[in-house]
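Student: I would like to go through this structure and ask what each term rests on.
Tutor: Go ahead; each answer will set the value against its definition.

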Amino acid sequence: MASQREVILSIRDLRVHFNTSQGLVRAVDGVDLRVESGETMALVGESGSGKTVTALSVMRLVPMPPGKIVSGDIQFQGKALLNLTNREIMKKRGKDIAMIFQEPMSSLNPTLTVGEQIMEALRLHQGLGGKAALVKAVEMLELVRIPNPEQRAREYPHQLSGGMKQRVMIAMGLSCRPQLLIADEPTASLDVTIQAQILNLMKELRRQVGTTTLLITHSLGVVAEMADRVSVMYAGQIVEVAGACDIFHSPRHPYTRGLVGSISNLRDYARRLDVIPGAPPNPAKLPSGCRFNPRCPLADERCRAEEPTYVSVGEGKWVRCWRAGD
Ligand SMILES: Nc1ncnc2c1ncn2[C@@H]1O[C@H](COP(=O)(O)OP(=O)(O)OP(=O)(O)O)[C@@H](O)[C@H]1O
Ligand SMILES: [Mg+2]
């Protein structure tokens, strides 16, 4: 993955397992991921592939137990996040790394006004108090194009529509100007028109603020609209990394090819990646060899026996497949 840009986040061989009544769930099982300064890296894959658990690991918010970070290394601006004390990571959370969570409704506090919630983050991380924090909170609501921001700041989450709540989440995420923003399905719960508005807003903010973003999504439409590069996740691993154009025009992994080949309308943001015949493996009972082999039209003996390693298929392009050359 040769590149001139600074690598802001680098995850190496991350493994996060959960002890469940069904057995050991290897939710994240050897993830390698790099996000470069200024880019939007999309992390895309079917439901249950381990996208959220990967993000929660960076935030050090994996529930433990039942979860356990079994091994791996997460470097953020040259610091090993997994070695930080709770106090040190709390200082980074929200300030250097912010996350917009998958369920906006459950991550806004219903008992505080939206203004108070943004102010709380500003107090905590920027030491802004009183009037200055309020002014800044209103400014943030204005930045995410919320009409009547002074009035909205005094309202509670239940008084806002889904799209407005999502804007508030983005405002909170950006309020301390984080070096890295992790957005987990920032538009999935919204209807198509509002999704398009929020994506446009995120693009505009990116031009204005230039935040490095790890964007988690099910939707190839969102990828096409937003991403510079893409990491495709399957059953707890990254199976392909490439520039967004390459993902659409010359996908190399049979899984990526299946995903890309099946879409006719990239603007159909809501469409989920459930188009390849078969289902992802049960993470408590992974197949031997390549994890995709039971669904792969190209699978041969080797694919059923040996787990593939990464091969480079061009500059900045990696694929985890024995048949990538075919
Ligand atoms: N707290 C938990 N306890 C047990 N298993 C968990 C827990 N959190 C996640 N998992 C399991 O880890 C695997 C990966 O989950 P994760 O939420 O990362 O998927 P995802 O790719 O974000 O899916 P989606 O697209 O549906 O959000 C799943 O099999 C899930 O059931
Ligand atoms: Mg998720």
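Tutor: Start with an open sheet of four strands, ordered β2-β1-β4-β5 and paired in the antiparallel sense. This is a predicted model, in which local features need pLDDT of at least 70 and side-chain atom pairs count only at pLDDT 80 or more, while totals for chains, interfaces and linings use all residues. Residues are numbered from 1 along each chain as its sequence is written, and chains are lettered from A and ligands numbered from 1 in the order in which they are written.

Student: What makes β2 and β5 the edges of the sheet?
Tutor: β2 (23–36) and β5 (79–80) each have a single partner strand, so one side of each is left without a neighbour in the sheet. A strand is a DSSP run of E with at least two residues, a helix is a run of H or I with at least four, and both are numbered from the N terminus.

Student: How do you know that β1 and β2 pair?
Tutor: Two strands pair if DSSP finds at least two bridges between them. Strand β1 (residues 7–20) and β2 have 10 bridges, in the antiparallel sense, so they pair by that definition. R15 stands opposite D29 in β2, and a hairpin of two residues joins β1 to β2.

Student: Which strand pairs with β1 over eight bridges?
Tutor: That is β4 (residues 67–76), again antiparallel. I11 of the sheet faces L33 in β2 and I74 in β4.

Student: Why is helix α1 called mostly covered?
Tutor: A residue is buried if 20 or more other C-beta atoms lie within 10 Å of its own, exposed if 12 or fewer, and partly exposed in between, with C-beta atoms placed from the backbone. In α1 (residues 51–59), eight of nine residues are buried; among them are K51, T52 and V53. R60 follows α1 and has a positive phi, near 55 degrees.

Student: What makes a set of residues a nonpolar core?
Tutor: Its members are buried Ala, Val, Leu, Ile, Met, Phe, Trp, Tyr and Cys residues joined through C-beta atoms within 7 Å. The largest one here has 88 residues, and A42, I118, A137, A171, I182 and L214 touch the most other members. Helix α7 (residues 162–174) gives the most to this core, seven residues.

Student: Which residues is I182 in contact with?
Tutor: Contact requires C-beta atoms, placed from the backbone, within 7 Å. Leaving aside neighbours within four places in sequence, I182 is in contact with A55, V58, I97, M99 and L214.

Student: Which residues come nearest to ligand 1?
Tutor: The shell has 18 residues, and A27, S47, K51, T52 and V53 come nearest; to be near, a residue needs its C-beta atom, placed from the backbone, within 6 Å. The largest share of the shell, three residues, comes from α1.

Terms used: Contact = placed C-beta atoms within 7 Å.
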